[in-house]
Amino acid sequence: MDIEKFFDQPYTDRQLVKFVDDSELQKKSLWIAILEADKIFEASATGIVSVKGWISEPIGLAALGIKKLLNKSEPDSPKSDSDNLLQSLTFKKTRERLLTSLIEEKSDIKSHQKYRKKGVVINSIGRSYIEHFKLPPTHPRNNTIYVAHPVLQQEYTPLADFHRSTFENKFNELLRLLTHLGAKTIEVYHMRGWGSEFAAHLGVPFGTLPLGTPNTANVSSQRHAEQTLLYKAVLQGHTPSMPEGLNWYFNERDWQQIVDQRLHHGLKSFSLQHTYTDDFGINFKLGSKLKKVGFDLGGNFEGYTATEWRVTGEFLSHDE
């Protein structure tokens with residue numbers, strides 16, 4: 001497996017993974033599994049190795065028998081005419097499907113493209129490649145589905161924690177950006193979606209603030225202007241600068257405008273909408289299907305909720 005090519009794929013092609021022993025991959029030659037109609041279809045670089053519902057043989061026997069099956073023109077002779085008819089129909093259907101798949105699947109890329117149209121693709125990753133992935137402590141775990149972070153290429157999280165982790169990452173980046181731009185105050189108000197209970201459990205890393213910068217922060221359920229105050233920080237403020245390692249920023253036009261106005265036009269205050277309105281295809285429907293076929297989600301699935309928070313505050317002025 002070329003791990004660099006794996007990460008270079010489009011997000012949707014590498015979004016879901018499970019980690020397996022390398023011996024399992026070598027034995028079955030499996031690279032991907034396709035979840036379709038509440039069933040798992042297993043595929044490899046050479047086409048279908050075993051499709052539950054198509055081939056009744058065990059995976060290993062099916063793989064070894066592919067060449068023999070394709071070379072046959074007639075099924076084995078059965079004991080009765082009725083058995084002969086049934087076996088003949090089953091043989092033809094299996095052979096036609098197998099022939100079609102092997103002719104069309106000439107490469108890994110084509111295989112991914114075809115089966116992604118049919119269902120959800122789950123990549124099997126050998127444990128020898130774990131060092132190339134950024135996972136939470138104590139992970140990976142057996143039979144658990146992991147989801148790629150939307151903007152951090154090598155970071156994967158258990159499906160159950162995907163939305164909380166992704167929202168938290170985006171929110172923290174916005175706070176870090178505003179802080180480096182010299183914000184004296186930052187207030188966050190709930191507009192819709194996740195509210196005070198969710199905000200109270202966000203891990204806000206105040207350790208990322210410049211050294212010597214005093215701050216106070218609290219999460220409360222105060223009412224202000226008919227909106228719930230979720231978060232408030234009072235900072236010393238400083239000369240504006242741009243932090244390193246931004247990821248969400250390059251897709252957020254509102255953030256970019258705030259930066260331009262602050263750095264080049266002396267912006268004194270700000271007000272913007274912090275939104276989370278894309279489920280990235282990770283929802284309760286997918287979670288239920290994965291659990292139904294026996295996968296572990298890594299905990300209690302925290303589903304997607306379209307969320308909008310209003311973020312306001314003031315910057316340190318040039319006079320100050």
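Student: In this predicted model, which residues is isoleucine 186 in contact with, leaving aside its neighbours within four places in sequence?

Tutor: Isoleucine 186 is in contact with Leu175, Leu178, Thr179, Tyr231, Lys232, Ala233, Leu235, Phe270, Val311 and Thr312. Contact here requires heavy atoms within 4.5 Å.

Student: What makes Ile186 stand out in the largest nonpolar core?

Tutor: That core has 60 residues, and Leu159, Ile186 and Phe270 touch the most other members. Helix α6 (residues 162–180) gives the most to this core, namely 7 residues. In soluble globular proteins, nonpolar side chains tend to be buried together.

Student: Why is strand β8 called largely enclosed by the rest of the structure?

Tutor: Buried means under 20% relative accessible area. In β8 (residues 183–192), 7 of the 10 residues are buried, so the strand is largely enclosed.

Student: How do you know that β8 pairs with strand β13?

Tutor: Pairing needs at least two bridges. Between β8 and β13 (residues 307–315) there are 8, and the strands run antiparallel; valine 188 has valine 311 as its bridge partner in β13.

Student: Why are the buried residues of helix α9 said to line one face?

Tutor: The buried residues of α9 (residues 284–292) are Leu286, Gly287 and Leu290. Seen down the helix axis, the buried residues fall within an arc of 100 degrees, so they line one face. On the other side, Phe284, Lys285 and Lys292 are exposed, a term that requires over 50% relative accessible area.

Conventions. Residues numbered from 1 in each chain as written. Predicted model: local features only at pLDDT ≥ 70, side-chain atom pairs only at ≥ 80, totals over all residues. Heavy atoms only, no water. Buried < 20%, exposed > 50% of the residue type's maximum accessible area, 1.4 Å probe, protein only. Helix = DSSP H or I, 4+ residues; strand = E, 2+ residues; numbered from the N terminus. Arc of directions from axis to C-beta. Core = buried A, V, L, I, M, F, W, Y, C linked by side-chain atoms within 4.5 Å.
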